[in-house]
Amino acid sequence: MSDDSSSEDIIKNKNGLVSIPKKKDFRQHAHCNPLSSVSIPYPFSPSCIDWSLNYPLKYNPQNTKNNSKLYLNTVNYPITYHNEKYKPISTSNLPNNLMDEPHVNIVDIGCGYGGLLYNMSESLNDDDLAFGMEIRDKVTNYVGEKIKALRINSDNKLYNNISVVRSNTMKLLLNYFYKGQLDKLFFCFADPHFKKYNHRKRIINKYLLNDYSYLLKKGGRLYIITDVIELYEWETFMIKQNPCFKEISKEECEKDKFVDFMKNTNEAKKVIKENKEMYYSIYERVNPEINSIQELYNTVDFTKED
Ligand SMILES: C[S@@+](CC[C@H](N)C(=O)[O-])C[C@H]1O[C@@H](n2cnc3c(N)ncnc32)[C@H](O)[C@@H]1O
């Protein structure tokens, strides 16, 4: 549970509102190497995470005061994971009681400045919790501070269902969630990593798709959008090779309100300004059922060249 006594001071402007942070104060080099071994603290398994730190009002609706301390896993806003509560991931299938309490079911991979999260917050169902994961430290601080300001400025009524953490999802996604926990996974304007020797840094690849299929529940959806046709074709090729995903028809895709949200992220706005095209698709998690990490790594032929 959060330590109420250590909530930070809240500074309001002359209108009585907390100022929304400015992106220019949080700029960071656009690319981080997801394969480097920079050590970011991480939970040893999903059982080591206290989610009430990220969504205080969803866990303790009465706690409307002193709930604004940030836990982002960044240098300024660290998290201490309860790694003494480690349970091996192979035995970390959905615990029976998980569905009865608030739990993250929507994840935005590489959320950048968090546009998708703010866009979707008001239209989520009561028990949805959306979570942004971002590798860059300062950018994560921006999103965390913005969510905090938006919550306070709405008198704690809005934006309680979105949160963010600093993490390298290419290495650590499975440490955060149980098998079949997620309804939606978003990949919006992923870094294209154009050069062939950098393709292994692409966040959608045949290996990681197995992790994504493991985390999505049956009927869950994987969303992709990009302005780079070459990346779109690569992602499409990788996903179509994986038997756990089936493409949703374009017609049905247009009916999904989340498509509008992802056409409006921070990166999407730049694309619109530059009059460029956006390419997007949705895939549904279908059979075969993946029952273990072992099985997961057996679903795709890893011996074939890309
Ligand atoms: C081009 S930006 C897109 C940001 C956002 N999705 C949007 O649409 O505005 C890609 C983001 O993914 C983040 N990223 C890249 N690799 C990552 C990784 N392995 N784990 C977490 N975030 C990552 C980058 O730092 C960057 O913020």
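Let me start at the ligand: helix α9 contributes the most residues to the shell around the ligand, three of them. What I am showing is a predicted model, so please keep the confidence in mind.

The shell has 23 residues, and those that come nearest to the ligand are Pro 34, Gly 110, Gly 112, Thr 265 and Glu 267. Two or more shell residues come from each of β2 (130-134), α4 (169-172) and α9 (266-273). Which kinds of residue form the shell, by nonpolar, polar and charged? There are 12 nonpolar residues, seven polar ones and four charged ones.

On confidence, then. The mean pLDDT of the chain is 89, with 90% of the residues at 70 or more. Residues 1-7 are another matter: pLDDT stays under 50 there, and the model gives that stretch 12 contacts beyond four places in sequence.

Now the overall fold. The chain holds 10 helices and seven strands. Its radius of gyration is 19 Å, close to the 19 Å from the globule rule for 306 residues, so the chain is as compact as a globular protein of that length. Along the principal axes, the C-alpha atoms fill a box of roughly 60 × 50 × 40 Å. Of the 306 residues, 35% are buried. If you take contacts between residues at least 6 apart in sequence, 82% of them join residues at least 24 apart.

Next, the core. In soluble globular proteins, nonpolar side chains tend to be buried together. In this chain the largest nonpolar core has 56 residues, and the ones with the most contacts inside it are Val 107, Leu 116, Leu 185, Phe 186, Phe 187, Tyr 223 and Met 262. Take Tyr 223 from that list. Beyond four places in sequence, Tyr 223 is in contact with Lys 184, Leu 185, Phe 186, Phe 187, Phe 258, Met 262 and Ile 282.

Is Ile 147 buried or exposed? Ile 147, in helix α3, counts as buried because 23 C-beta neighbours lie inside 10 Å, and the cut-off is 20 or more. Beyond four places in sequence, Ile 147 is in contact with Tyr 159, Ile 162, Ser 163 and Val 164. Asn 160 is 13 residues from Ile 147 along the chain, and their C-alpha atoms are separated by 8.3 Å.

Glu 252 sits in helix α7, residues 250-255. Why does Glu 252 count as exposed? Because Glu 252 has 11 other C-beta atoms within 10 Å, and 12 or fewer is the limit for exposed. Between Glu 252 and Asp 108 there are 144 residues in sequence and 21 Å in space, C-alpha to C-alpha.

Last, some backbone angles to check. Asp 155 is not a glycine, yet has a positive phi of about 60°. Asp 155 is found in the loop between α3 (137-153) and β3 (162-166). With 8 other C-beta atoms within 10 Å, Asp 155 is exposed.

His 193 also has a positive phi, near 40°, and is a residue other than glycine. Where is His 193 placed? In the loop between β4 (182-188) and α5 (206-215). His 193 has 18 C-beta neighbours inside 10 Å, so this residue counts as partly exposed.

Definitions and conventions:
Residues are numbered from 1 along each chain as its sequence is written. This is a predicted model: local features need pLDDT of at least 70, side-chain atom pairs count only at pLDDT 80 or more; totals for chains, interfaces and linings use all residues. A residue is near a molecule or strand if its C-beta atom, placed from the backbone, lies within 6 Å of it. Helices (H or I, at least four residues) and strands (E, at least two) are DSSP runs, numbered from the N terminus. Ala, Val, Leu, Ile, Met, Phe, Trp, Tyr, Cys and Pro count as nonpolar, Asp, Glu, Lys and Arg as charged, and the others, Gly among them, as polar. pLDDT is the predictor's confidence in each residue, from 0 to 100. Two residues are in contact if their C-beta atoms, placed from the backbone, lie within 7 Å. The radius of gyration is taken over C-alpha atoms; the globule rule is 2.2 Å times the number of residues to the power 0.38. A nonpolar core is a set of buried Ala, Val, Leu, Ile, Met, Phe, Trp, Tyr and Cys residues joined through C-beta atoms within 7 Å.
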